[in-house]
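Hi,

Here is the structure I promised to pass on.

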Amino acid sequence: MGSIFSFNISALSRTLQSLNVLTDLSYRLYDDKCNEIVASVGDDPLLSAIKRNKRGAELYNEFFSNNFRLALKRKTPFVVQSFTNQYHYFIPLKVQDTMLILVAEAFYTSIHDFISFYKKSARELGLKDTDIIRWQDKVTILSPQKIQRVMTEIQSLLEGILNQNYKVSELNKKWRWAKTIISLAASFKTDATVEDISQEVLSSVLFLFDVDTAAILFRDNGDYTVKVSGGRHSEQLRDFKISANSPIVKSLLATHRPMSILDNYELLRYRLPDDILSMYLFPLSFEEDIFGLLAIFNTILNRDAFQSIQYICRLTAYLCSIRDIGQRHREQANLMNLLYLKTSKLYFLYRSRQQLLDAIVNEAASLVGAEKCSLMLPSNNGYLSVAAIKGINKYLMENVRVNKGEAIAGKVYEEGVPVIIKGLEDLSKYGVKPKTFYKSMSSVSVPLKIGDEVVGVLNLSDKEKSMPFTDEDMFVVNQFASHAAMLIKLSECYSLSEQMRELSITDPLTGLYNRRYFDVRLNEEYMRARRYNLPFSLAIIDIDDFKLFNDTEGHLAGDHILKEIAIIMSSTVRANDIVVRYGGEEFAIIMPQTSSAEAYKVAERLRQAVKNLIPPTWKAFPRNAITVSIGVAMYPESGETIAELIRAADKSLYAAKIRGKDQTVVNTQHAL
């Protein structure tokens, strides 16, 4: 699609980069000819390395081509597993009549898939057998259920962004075209108003065709009224008007051809002065809409003059319409600029959902001068509830529930169409009675939509100075709602990604951080300590005789002990200490900027707490208390590298076991 390149590529790139940060996947957007349009920075490191190999590149290109063609035929995202055992998402995006393809790659759903691939195919694809551990730390592992929901939301979000950008691009293109046409109309100044154009046209008609009297009328509140007039009887025509429902106007609307009235009786129906003996009406129309009339009085026109005036009317209509389009475009541009400024501020709140929702109602209310505004979102049960509110005590709205199709908000949610209420008659259509709580009966309700999906409803009421809401107000709020809907979806995607990240670094049994998080944080603390010459300590904790406890009491009881110890550890260590489940019955604590003496105190406090705080509820386990042995090592005394530090802590733990368990041993050059 040629016009895709008129999109804001920089904004698309930032969007894909944000998705990359949120999901740890790389994204590339292609047109339907498989030309890359934009991509997030960086690629999956394993996939990158494989594609540098000739055989790997051949396999990937074949895999990609086959699934790209398949994606063009489908309308929903799908996931497919490649020759690397990684999963790749192909997401079709419909922009107007063109299909784009977003490719998200690559991830494993388990480490076993990676190991299986590596052992089977690594050497063939140019990877060293000895690098499996290094690559294992670099591959992305995600939950298939979570990423499926995220990808569906990404499809909806990007389709909304792309289509919105496309519409803005088309509007700008039309405006550039309109400016060119205006420049070609050399007989008029480019800054001429509709009145200027009308006056020039009227003067030309009066002079060129020897017209007695003429006037140009424009539609205003259901009537065509005089805008400019000239000639012998011009003063008598100042108050002349023609109803839009009159027979002659209906005929003009049906034929779009000039009409004439030569009968005196007919002329009297239009309350024309007695001196007016004839009238020609030429329509000023644009795109089937007759917005004005050129009236010529007391003049007999020949065929050539009649036809020439028709051409002038077409030019006049065109030029006036261009001015109107220009004015509307400037208003639209100002509106888009205003919306951009407001939504730009909102964008930075997507990480905090409630702050974002509160800001949306405040900005929406300020756009149209509304004193009250509420944002309603659907619950899991299908009804709408108030998620954010302005101008009303939020506690009054806590229990408000609106079912789909019920009242105004429910109808808007069901049908996805904005509604403006201007008075009692409009209210009665929805079976709603006026509430004394509101100052006026006028209100606006607009859907928050992304594509065909309605994600909520925005309601505004009590416009400042008790003025009624207008169609322009509804249009402005509707445009804002489109941006707000995308930000709400972005916030949902961010929340899901945070949940996924939390799951990936958390031990499901104890709720502590897991070994993966331990490796990352230990490396970070090591790099910080080495750079700034700071100490830090590492403690490894093992539950004494835990295998015997499991054998005598059962694994469920063992799990309970693990949870109890995790709770005790979390409440005993200091705020900056990092507690993890190291594996099995082992735990670890990273203690930043902590000397050996301080680490010993922390470890001993923990050991005593475990021994004293776990009640002896077991029956067959031959011990009076659950105890732990702890090995402590410090950087740099116990080791200059991470591996040396872990070995030192393990060695201390082993010494604690040898010395009789239930004690702390510190590995240091200076004994305590």
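Which residues touch the most other members of the largest nonpolar core? They are Leu-375 and Leu-458, in a core of 69 residues. By nonpolar core I mean a set of buried Ala, Val, Leu, Ile, Met, Phe, Trp, Tyr and Cys residues joined through side-chain atoms within 4.5 Å, where buried is under 20% relative accessible area (1.4 Å probe, protein chains only). Helix α14 (residues 471-504) gives the most to this core, with 14 residues. Apart from it lies another core, of 32 residues, including Phe-587 and Ile-626.

Before you read on: this is a predicted model, with local features needing pLDDT of at least 70 and side-chain atom pairs counted only at pLDDT 80 or more, while totals for chains, interfaces and linings use all residues. Residues are numbered from 1 along each chain as its sequence is written, and side-chain values use heavy atoms, with hydrogens and water left out.

Back to Leu-458: among the residues it touches are Ile-360, Ala-364, Val-477 and Phe-480 (contact means heavy atoms within 4.5 Å). Helices here are DSSP runs of H or I with at least four residues, strands are E runs of at least two, and both are numbered from the N terminus. The α11 and α14 axes are 10 Å apart, at an angle of about 170°. Axes are lines fitted to C-alpha atoms, for helices over the stretch in contact, with angles from 0 to 180 degrees between N-to-C directions. The two helices are therefore roughly antiparallel, a label for angles over 145 degrees. Their contact has 12 nonpolar, one polar and four charged residues; Ala, Val, Leu, Ile, Met, Phe, Trp, Tyr, Cys and Pro count as nonpolar, Asp, Glu, Lys and Arg as charged, and the others, Gly among them, as polar.

Then there's the sheet. Five strands form an open, mixed sheet in the order β19-β20-β18-β21-β22, where two strands pair if DSSP finds at least two bridges between them. β19 (578-583) and β22 (664-667) are at the edges with a single partner each, so one side of each has no neighbour in the sheet. On average, neighbouring strands are turned by 20° against each other, direction ignored. β21 (residues 628-635) pairs with β22 in the parallel sense over four bridges, and Gly-631 stands opposite Val-665 in β22. Helix α18 (residues 596-613) lies across β18, β20, β21 and β22, at about 165° to β21.

Cheers

Methods: Buried means under 20% relative accessible area, exposed over 50%, partly exposed in between (1.4 Å probe, protein chains only). Angles under 35 degrees count as roughly parallel, over 145 as roughly antiparallel, 65 to 115 as roughly perpendicular and the rest as oblique. Lists of a residue's contacts leave out its neighbours within four places in sequence.
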